[in-house]
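Please read it with the sequence and the coordinates open beside you.

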Amino acid sequence: MKPPVLRLYGRQKTRALKPAQQELMDQLLPNISVSTSELSKKSGPILEIGFGSGEHLVHLATQSPETFFVGCEPFINGVAALLIEIDDKDLTNISIHHGDARHIFDELPDGLFSAVYLLYPDPWPKKRHFKRRFIQQESLALIHRLLVPKGKFYIASDHETYQTWIEEHLTMDVVSATFDWSNKTTKETPWDNWTRTRYEEKAYREGRTPRYYVLNKK
Ligand SMILES: C[S@@+](CC[C@H](N)C(=O)[O-])C[C@H]1O[C@@H](n2cnc3c(N)ncnc32)[C@H](O)[C@@H]1O
């Protein structure tokens with residue numbers, strides 16, 4: 001598959017890995033890296049795109065040991081942080097794609113995921129960078145293809161112009177023909193099984209108001 005041209009993420013590494021993290025990158029990551037053929041055999045796995053340091057993914061995987069989870073993240077320090085948690089907690093129901101989530105999409109069958117999470121995607125606030133935003137008509141069509149019938153796509157954003165962007169996309173005829181959706185702002189529980197991400201803590205501390213979207217595949 002041809003890699004997408006545009007890079008949608010910022011820094012891939014902010015600091016050197018500690019020896020224990022590097023060891024897990026070398027030893028554990030290859031064992032739990034996404035194998036699209038293995039993943040295709042799982043029943044209703046759940047995908048998180050851009051898991052950051054992985055705290056939301058660990059929360060879900062701990063709460064639902066019977067469910068299989070996939071996390072995609074190009075940021076090395078985030079992947080290393082998640083590996084530490086997976087190792088400490090002996091989690092066996094997470095696999096990781098260290099890289100751009102879009103790179104695995106083409107190889108995955110239709111109707112695979114029971115849910116997809118996109119929490120606080122990079123806002124790319126400058127107009128000339130809007131095309132780097134994850135939410136685009138094409139990515140919504142891809143997520144739609146990958147979801148089971150009635151599968152859910154959860155999105156959170158604390159950035160006002162990205163919220164407007166998301167809502168503009170969700171009201172496009174071509175998108176609203178394929179998803180029902182709702183949105184709300186609440187400091188409590190935007191949906192079942194919610195846990196605050198690190199990025200969300202920062203948003204609240206800095207006075208931004210997150211908005212949460214739940215899309216249901218029609
Ligand atoms: C603002 S951070 C939010 C992290 C985390 N979801 C949270 O709420 O704390 C956005 C994350 O998305 C990741 N990201 C951006 N584009 C991505 C892509 N195409 N595939 C996978 N991850 C991506 C970035 O590396 C970054 O870690």
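This is a predicted model: local features need pLDDT of at least 70, side-chain atom pairs count only at pLDDT 80 or more; totals for chains, interfaces and linings use all residues.

A residue is called buried here if 20 or more other C-beta atoms lie within 10 Å of its own, exposed if 12 or fewer do, and partly exposed in between.

**Helix α7**

- In helix α7, which covers residues 160–170, the buried residues are Tyr162, Gln163 and Ile166.
- Viewed down the axis of α7, these buried residues fall within an arc of 105°, and they therefore line one face of the helix.
- Thr164 and Glu168, on the other side of α7, are exposed.
- The packing partners of the buried residues of α7 are the strands β5 (147–157) and β7 (211–217).

**Overall fold**

- The protein contains nine helices and seven strands, and the C-alpha trace spans about 45 × 40 × 35 Å along its principal axes.
- A compact globule of 218 residues would have a radius of gyration near 17 Å, and the value for the protein, 17 Å, agrees with that expectation.
- Of the 218 residues in the protein, 35% are buried.
- When contacts between residues at least 6 apart in sequence are considered, 81% of them join residues at least 24 apart.

**Nonpolar core**

- The largest nonpolar core comprises 48 residues, and those with the most contacts inside it are Ile49, Leu57, Phe69, Leu82, Phe113 and Val116.
- Leaving aside residues up to four places away in sequence, valine 116 touches Leu47, Ile49, Ile143, Leu146, Leu147 and Phe153; among these partners is Ile49, which is itself one of the core residues with the most contacts.

**Surroundings of the ligand**

- The shell around the ligand has 23 residues, of which Tyr9, Gly50, Gly52, Thr197 and Tyr199 come nearest.
- Sorted by class, this shell consists of 13 nonpolar, four polar and six charged residues.
- Helix α9 (residues 198–205) supplies the largest share of the shell around the ligand, namely three residues.

- Although lysine 89 and valine 58 are 31 residues apart in sequence, their C-alpha atoms are 9.0 Å apart in space.
- With residues up to four places away in sequence not counted, lysine 89 touches Val58 and Thr62.
- Aspartate 90 is found in the loop between α4 (76–88) and β3 (94–97), and it has a positive phi of about 55° although it is not a glycine.
- Aspartate 90 is exposed, because 6 other C-beta atoms lie within 10 Å.

**The loop between β4 and α6**

- Tryptophan 124 lies in the loop between β4 (113–119) and α6 (137–146), and its phi, near 40°, is a positive value in a residue other than glycine.
- Tryptophan 124 counts as buried because it has 20 C-beta neighbours inside 10 Å, which meets the threshold of 20 or more.
- Tryptophan 124 and aspartate 90 can thus be read side by side: tryptophan 124 is buried, whereas aspartate 90 is exposed.

Methods. Residues are numbered from 1 along each chain as its sequence is written. A residue is near a molecule or strand if its C-beta atom, placed from the backbone, lies within 6 Å of it. Helices (H or I, at least four residues) and strands (E, at least two) are DSSP runs, numbered from the N terminus. Ala, Val, Leu, Ile, Met, Phe, Trp, Tyr, Cys and Pro count as nonpolar, Asp, Glu, Lys and Arg as charged, and the others, Gly among them, as polar. A nonpolar core is a set of buried Ala, Val, Leu, Ile, Met, Phe, Trp, Tyr and Cys residues joined through C-beta atoms within 7 Å. Two residues are in contact if their C-beta atoms, placed from the backbone, lie within 7 Å. The radius of gyration is taken over C-alpha atoms; the globule rule is 2.2 Å times the number of residues to the power 0.38. The arc is that of the directions from the helix axis to the C-beta atoms.
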